[in-house]
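Biologist: I am new to this structure and would like to understand how its elements get their labels. Could we look at it together, one term at a time?

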Amino acid sequence: ERRVGYNNPPPVSDNGSGASSTAGALFNSLKGGAGSMFKNIKDASSKVMETVTNTINKTDLDISYITSRLVVMSYPAEGVESAFKNSIDEVHNFLESKHRGSYAVYNLSQRSYRAAKFENRVSECGWTPKKAPPLTNLYAICKNMHLWLRQKPKNVCVVHCLDGKASSACVIGAFLVFCRLFENASAAMHLFIARRSVPGISPSQ
């Protein structure tokens with residue numbers, strides 16, 4: 001069993017409250033404000049989302065905004081592999097131009113890369129593809145994402161596995177339910193499909 005490990009994690013603090021109150025507090029913080037995650041779930045045609053989409057199209061990066069604060073991408077590759085996958089340098093440039101000092105990356109694959117490319121804010125959270133992660137790991141990932149987003153309104157979470165599908169969808173779906181933005185994972189998956197693609201999640205996930 002692979003445990004969640006954080007490589008130089010974001011400087012967050014927790015008040016020790018229970019999962020229910022923690023999730024409720026995040027829901028309240030995301031629900032208000034023009035740039036809130038809750039608003040952008042309902043408003044898929046906002047100018048912010050259109051601007052981001054246009055920028056991504058120009059760079060041909062495989063990056064999708066599930067909400068204005070939840071980003072999913074495929075693996076940031078180096079060397080020859082970057083010719084047919086996301087180039088780690090191009091991803092770095094994109095995140096630095098759009099979210100400098102405000103992004104944390106969650107690597108759900110079992111492959112690693114230079115965390116320094118992303119300001120040393122990369123959490124290594126990988127598990128075996130096509131299998132469900134241990135619930136303790138999934139909870140730890142959701143809690144860390146919650147703490148990071150709660151720090152300041154501009155913070156975003158960037159989640160990726162190898163292709164930005166099954167494992168990424170598993171975490172995004174769990175997080176949206178954790179925040180009580182959806183009542184169940186099935187409803188959360190409809191948003192993921194609309195904003196990215198059919199994830200191809202296995203029954204165990």
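Biologist: What makes β3 and strand β8 (residues 156-160) a pair, and in which sense do they run?

Modeller: This is a predicted model, in which local features need pLDDT of at least 70, side-chain atom pairs count only at pLDDT 80 or more, and totals for chains, interfaces and linings use all residues. Residues are numbered from 1 along each chain as its sequence is written, and side-chain values use heavy atoms, with hydrogens and water left out. Strands are DSSP runs of E with at least two residues, and helices are runs of H or I with at least four, numbered from the N terminus. Two strands pair if DSSP finds at least two bridges between them; β3 and β8 have four bridges, in the parallel sense, and M73 stands opposite H160 in β8.

Biologist: How do you know that strand β2 (residues 63-67) is joined to β3?

Modeller: Four bridges join β2 to β3, and these two strands run antiparallel. S64 stands opposite V72 in β3, and β2 and β3 form a hairpin with two residues between them.

Biologist: Why are both faces of strand β3 (residues 70-73) called covered?

Modeller: Buried means under 20% relative accessible area, exposed over 50%, and partly exposed in between, with a 1.4 Å probe and protein chains only. L70 and V72 on one side and V71 and M73 on the other are all buried, so both faces are covered.

Biologist: What makes a set of residues a nonpolar core?

Modeller: Such a core is a set of buried Ala, Val, Leu, Ile, Met, Phe, Trp, Tyr and Cys residues joined through side-chain atoms within 4.5 Å. The largest one has 31 residues, and L70, Y106 and M145 have the most contacts inside it. α6 (166-178) gives the most to this core, with seven residues.
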